[in-house]
Structure formats: structure tokens, C-alpha cells
Amino acid sequence: MSMLIERSQKEVVLALGARNEHALSRNGHERDELRARAERAIARAVAARGVWRARWRTCQIAWVLGWLALCLFLENYDARARYQQRVRLKQREEARRRGAVSRLQFWSRDLGARARDLLIRAARAVLFGARSASPGGEARLVKQARWFKQQLIRLGPTFIKIGQALATRADLLPLAYIRELETLQDQVPPFAVEQARATLEGELGRGVEEAFAEVEWTPIAAASLGQVHRAKLHTGEDVAVKIQRPHLEETVSFDIAVLRRVVAFLARHPQLNENADWSGMLDEFTETIFEEMDYVREAQNADRFRENFQTWRAVHVPKIYWTHTTTRVLTMEFIRGTKVTDLEALRARRISPVKVNRLLVRTYLKQLLEDGFFHADPHPGNLLVMDDGRLAFFDFGMVGRITPHLQSLMVDAFFHVINREVHALADDLFKLNFLKPGFDPEFVRPVIEKLFEKHLELKLGEVNFKELTYELADVVYAYPFRLPANFTYIMRALMTLEGIGLITDPEFNFFDTARPYAKRLVLQREGRQLRRTLAAKILGRNGNEPMDWGRIWKLTKWAARAYLES
């Protein structure tokens, strides 16, 4: 990694400007408060429900997750078996070199491994029958996925939310599961009108008729944490009113306490915890869901997002009506529009789906690489194209924040992708914590560089992402890689964007679409950093640290090429 990027945290914050420094400090304080609130709520929920209810809930959750784990283990067993076979072949060669005693020890271990292999394959044949590659196997996968989705709905809001998050984890679940879990975005059962009315009156401290001129009690949308009703204010504005599910915080807090017990069990059995940071993911989920349950915070997120895009006329964020907003009720401007994936309706309004998709990609590059604050749940239900062509964003309960340090590493990784710098790109992967702690990066570097060399030699538009996904899955399984917790929601957003892109444009390629806009953002950001570095050098404030002239030359070529292209 070049010296220009490897600066101190303070210098990186300065590069992003005083506004981002203030936002970073504010966010740190807010997240500390959020964690403290979550811990208090979890402690109250456990005390209120007692030990026996916690044990019963643990059994319910363990049954669902245990059956899922068994299904996935058996489903992916062939890949695991091939890997174990490669390992045994290496061990056999080593045993031959060491002598007769080593050969005997290997033979005894190999005999046990073969017996386990036969038992597992027999269990799979009894439970599953048809292989997943056959039509019968595909039907079985769909049936399993539907069962899993129904169990998540039965377990309640916490697990519906987890299912929505898992819908983006193609590295953990088969495609049939992904497709089924995606329906949790907009196919969640609503709660009763009486409960919605009681929450509304209790939160606003007045009767419904006093607060609103009209309320349509049939919800226009029902999600895991709440549902939305259309209404009209006495001043004449049409609004959307989001009402939280009853007893939500207590339910979620209790489930998180139970999940912590499950994660603690996994931590004691590393073989069950191979390629995911479950503890980090649960912490991230806890913070996110508690933030999402606070509708005042969601409204503040919407206002911040609107401020970030105030100069973008093509982006709209609904107005928040603070007089009708509390921690459990959110009232916002009602927006009429068309879903970004409704291609026929968009074309009927003479709006190009391809242009809408490119605008969406541009907004996310700005959010990720410039703002460090992004909408983490961009599924089609949260995005509308207004009749005048503007793109409207909804539901800011789930947002992600990227520290300046992580932002710098992401920018650097993109820089190396553009320049086909395979060795540096492998370093980026390690610095982003995709390698499990305690493993030597040099052990896996040749594999990663070979994989990157193969795909980066192609033009970006020629990359076969299905093939790349399969190859990455093999690498992740065979080597000590994991998805860092702080990338969970970044990956969720990017995978959802890619899904929308492929619907709106069959020729869509994320990197091809993102490249010109991302290069511009990188040039602007790196240019600011370069000016500060040069100023520090002239004023003698950076000691004897040498200038990275290679990087400066690359930036200069980029800037010249961008100028000529424009």
C-alpha cells in the first residue's frame, strides 16, 4: 500500500474536511449511546421473561438454525469432501516420506475419515434423495427455502430482519434460499388495526381524528418492524405514516440475548465458525436494528441524506413532519412514483430504466466513497422513480457508516483494480481484514493473485460474475477467509444494486457502469489529499517522509485522460 494512503487517522480526517470530522465525532458519540441503550433493553428483556422462557426460546431458535445448518452442510458436502481429499493426498505423500510409523498413523486416520464420509453420504441420500443439480434436487431446495422462510416469520420480527440480511449472502446460502428470502422485503403479514391505532394515539398523545384528517387503515406496506398507512393532515398534505409493531423492542432485545448464547456456543467450536465473524455480525446487527427501531433517528438519517444530496436535483428525499413523529411513529411526505424494477411503467412514462440505474449507481458511489454514510437497504420497495424522473429514497432506518480509514482502503482497492495492480490488490484484501486473524498472508497470496490475474486481464464488461463467484467460493472455503462484520451492509447494498441493475439492463456490469464516476470521485478525493501532502512538504510538517511519486504520476495521467475524455 502506498505511503500516500497509509497516513495517520488524523491526516485522513483532515483530507475529508472539517465537516466529516465533526460527523465522525458525532457518530461515535451516538453509537456509544446506541450500544448503551441496547444493553439496557437486553438486560430488561431477560429479567422480564426469565430463565425458562430464554431456554425455550433457545430451543426454538436452535431447532431452526440447526436444521438449516444440517441442510447446508449436506448440500455443500461434495465441495468439502473434495477439499478433504486433496488434504489427505498431501498427508499421504508426507507420511510416505517419513517412514512406516507415519504411514500406519495416516492409514488409521484415513480409515476413520472414509467411514465418516460414507455415513454422511448415506444420511444425505436418506434425507435428500435427489442431488441438487437434478430437477428433483432443485425442487427440494425450493421446498427447504420456503420452510426456512416460514420458520423465520413464525419466530418473529428479529428473524424476519435476519432473513432479509441473509438474502444478500450468496456466499452462505444457495440461490433458491436467496430468492425465497428476498420476498421477506414486502411479504410480511401486517398487524391488527386496533394495535396500530393504539400505538398512534399513545405516541402522539392525542386522538387519531385530532392528529389526522384521514387515515387509511389498510396498510400500503408491511415490513418486519412496522407497517405504513396513507393519511392526510388537517393542513391538506398527503402523508405516509409508519407505525412500529407492538412490543417490538422487548421482543428484539430478548432474541438478541438468546442469539448471544448461540454465538458463544459457536465461538467454543471453531469448526462451526469457519468463514463468518458471527460475533461481529451479531454486534453489527444489534446496533443496526436498535437504530432502525428508533424512528426519530431514522428521520434524522433522512434529513442528513437529503443534506448530502442537496445539490443533486435528480434525487429526492421525502419531507419529515416532525410534529407527527416520535420514536415509534414516523410521518413523512407521501410520494407517488414507479418502482425502479417496473420497466413497462417506466417506459410508459418515457423514463429510461438504464438511465435510472446509472443514476442509482452514481448515488451509491458518492455515498460510499465520498459521504461515508449510505442507505443500506436499497431494495425496490425503498426506491421510487417520480413522474418527473427524480429518484426518491425511502426508509432510512438501516444506514451504514464508513470510517475515513476504511474509506481510504476502499478507494485504494478501486485504484488498484483500475490499474490492474494484482499484488497491491491482494494487500488490500488483507488490510480490509478478509483474512482470519493468525494466518500468514503469504500462504494464500499466490492463490489470490492468480485469481485476480485471470479476471483482471478481461475487460470489465467481459467478467463472468457467475464463474467468479464460484471460484471465490472455492477460495473462501479452502483458505482462511471471512467476510468482515463492517462489510456486511456494504455487501448487502452492493449486491442489491447489482440485482436491480440486471433487471433494468440485461447488459449491466457494475464496474463498467461505476468506473467513470468512481474515477472522478477518486481524483477529487486524492487531489485534496495530494494538495495537503504537498503543502505539508513545503512547510516542513511531514518530517523526512518521502513523496510517493509513482502514485502522483498515476493520478496525473488519470486527470489528463479524464480531461481529454470530457
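**Exercise 1.** Is Asp303 buried or partly exposed, going by its relative accessible area?

*Solution.* Start with the cut-offs: buried is under 20% relative accessible area, exposed is over 50%, and partly exposed lies in between (1.4 Å probe, protein chains only). Asp303 has a relative accessible area of 26%, so Asp303 is partly exposed. Arg306 comes out at 27%, so it's partly exposed too.

Before going on, some ground rules. This is a predicted model, where local features need pLDDT of at least 70, side-chain atom pairs count only at pLDDT 80 or more, and totals for chains, interfaces and linings use all residues. Residues are numbered from 1 along each chain as its sequence is written, and side-chain values use heavy atoms, with hydrogens and water left out.

**Exercise 2.** Work out how Asp303 and Arg306 are linked, and how they sit in their helix.

*Solution.* Take the salt bridge rule: a side-chain nitrogen of Lys or Arg within 4 Å of a carboxyl oxygen of Asp or Glu. The N to O distance here is 2.6 Å, and the two side chains meet in a salt bridge. Next, the helix: helices are DSSP runs of H or I with at least four residues, strands are runs of E with at least two, and both are numbered from the N terminus. Asp303 and Arg306 lie 3 residues apart in helix α12 (residues 295-308), so about one helical turn separates them.

**Exercise 3.** Find what Glu209 pairs with, and where the partners sit.

*Solution.* Glu209 forms a salt bridge with Arg197, with the closest N and O atoms 2.7 Å apart. The pair links distant parts of the chain: Glu209 belongs to helix α9 (residues 208-211) and Arg197 to helix α8 (residues 193-204), 12 residues apart. Arg197 has 28% relative accessibility, so it counts as partly exposed.

**Exercise 4.** Check the length of helix α4 (residues 100-127).

*Solution.* The expected span is 1.5 Å times one less than the number of residues. With 28 residues, α4 should span 40 Å; its end C-alpha atoms are 41 Å apart, which agrees. Buried residues in α4 include Phe106 and Asp110.

**Exercise 5.** Say why helix α6 (residues 157-166) counts as largely enclosed.

*Solution.* Count the buried residues: 9 of the 10 in α6 qualify, so the rest of the structure largely encloses it. Among them are Phe159, Ile160 and Lys161. For the chain, buried residues make up 49% of 566.
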